[in-house]
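Welcome! Take a look at the sequence and the model first, and then we will walk through them together.

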Amino acid sequence: MVRLYGLLFLAQIVLAVCALISCLSAEEGEIRALPRIAWVLIILFFPLVGSIAWFVAGREAGARSARTAWPMGNGFSEQQRRRPVAPDDDPEFLSSLAERSRAEDQERLRRWEDDLRRREEELRRGQDDRDRPEV
């Protein structure tokens with residue numbers, strides 16, 4: 001007889017915990033008859049009767065069946081999921097680096113060519129000065 005009472009007590013506790021989880025995770029539109037806090041207090045103070053009352057009268061009949069048991073994704077909206085991307089994972093950033101590198105290389109090459117032309121001109125002027133007879 002003690003085992004039966006222990007089993008019934010355990011079933012009552014499991015039912016109360018399931019009812020509390022169901023009540024606390026229900027959307028506002030799914031709760032009927034009383035506010036959420038009232039249902040929580042009823043389930044806590046009268047576990048057996050409160051739990052049965054919650055499942056019978058407290059929630060919408062088809063509310064749980066309309067939703068999936070586990071929502072798809074990680075629970076965040078698409079906008080909340082967009083996080084900043086690390087620079088080495090961002091294709092736009094990588095392409096801008098390549099463009100910047102090309103532009104810097106072209107600018108460096110242009111400066112080297114200008115410097116080379118200037119030096120060649122200086123050498124030619126120096127050669128011309130040596131080739132002229134001194135008076």
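Let us begin with two helices: the axes of α1 and α2 come within 10 Å and cross at roughly 175 degrees. Angles over 145 degrees count as roughly antiparallel, so α1 is roughly antiparallel to α2. Please keep in mind that this is a predicted model.

**The chain as a whole**

- The secondary structure of the protein chain comes to six helices and zero strands.
- Reading along the sequence gives the pattern α-α-α-α-α-α.
- The protein chain has 135 residues, of which 13% count as buried.
- If you take the contacts between residues at least 6 apart in sequence, 56% of them join residues at least 24 apart.

**Where α1 meets α2**

- On the α1 side, the residues in this contact are A16, A19, L20, C23, L24 and S25.
- On the α2 side, they meet R36, W39, V40, I43 and L44.
- Sorted by class, the contact of α1 with α2 has nine nonpolar residues, one polar and one charged.

**The loop between α1 and α2**

- A33 lies in the loop between these two helices.
- The phi of A33 is positive, about 70 degrees, although A33 is not a glycine.
- For comparison, most residues other than glycine have a negative phi.
- Is A33 buried or exposed? A33 is exposed, with a relative accessible area of 72%.

**Where α1 meets α3**

- Helix α1 covers residues 2-25 and helix α3 covers residues 47-58; their axes come within 9 Å and cross at roughly 40 degrees.
- The two helices are therefore oblique to each other.
- The crossing in which α1 passes α3 is left-handed.
- From α1, the contact is made by Q12, L15, A16, C18, A19, S22 and C23, while α3 brings P47, L48, S51, I52, W54 and F55.
- The residues of this contact divide into 10 nonpolar, three polar and no charged.

- S51 is found in helix α3, and S51 is buried, with a relative accessible area of 0%.
- Which residues does S51 touch, leaving aside its neighbours within four places in sequence? S51 is in contact with L15, A16, A19, I43 and F46.
- V49 also has its place in helix α3, but V49 is exposed, with a relative accessible area of 61%.
- From C-alpha to C-alpha, V49 and A16 are 9.3 Å apart in space, and they are 33 residues apart in sequence.

- The partners are W39 and W54, placed edge-to-face, with 5.6 Å from centre to centre and 70 degrees between the planes.
- This pair links distant parts of the chain: W39 is in helix α2 (residues 36-45) and W54 is in helix α3, 15 residues apart.
- W39 is buried, with a relative accessible area of 4%.
- W54 is buried too, with a relative accessible area of 0%.

Key: Residues are numbered from 1 along each chain as its sequence is written. This is a predicted model: local features need pLDDT of at least 70, side-chain atom pairs count only at pLDDT 80 or more; totals for chains, interfaces and linings use all residues. Side-chain values use heavy atoms; hydrogens and water are left out. Axes are lines fitted to C-alpha atoms, for helices over the stretch in contact, and angles run from 0 to 180 degrees between N-to-C directions. Helices (H or I, at least four residues) and strands (E, at least two) are DSSP runs, numbered from the N terminus. Angles under 35 degrees count as roughly parallel, over 145 as roughly antiparallel, 65 to 115 as roughly perpendicular and the rest as oblique. A crossing is left-handed if the near helix is turned anticlockwise from the far one by less than a right angle, and right-handed if clockwise. Contact means heavy atoms within 4.5 Å. Ala, Val, Leu, Ile, Met, Phe, Trp, Tyr, Cys and Pro count as nonpolar, Asp, Glu, Lys and Arg as charged, and the others, Gly among them, as polar. Rings of Phe, Tyr and Trp (its six-membered ring) pair if their centres lie within 6.5 Å; planes under 30 degrees apart count as stacked, over 60 as edge-to-face and the rest as tilted. Buried means under 20% relative accessible area, exposed over 50%, partly exposed in between (1.4 Å probe, protein chains only).
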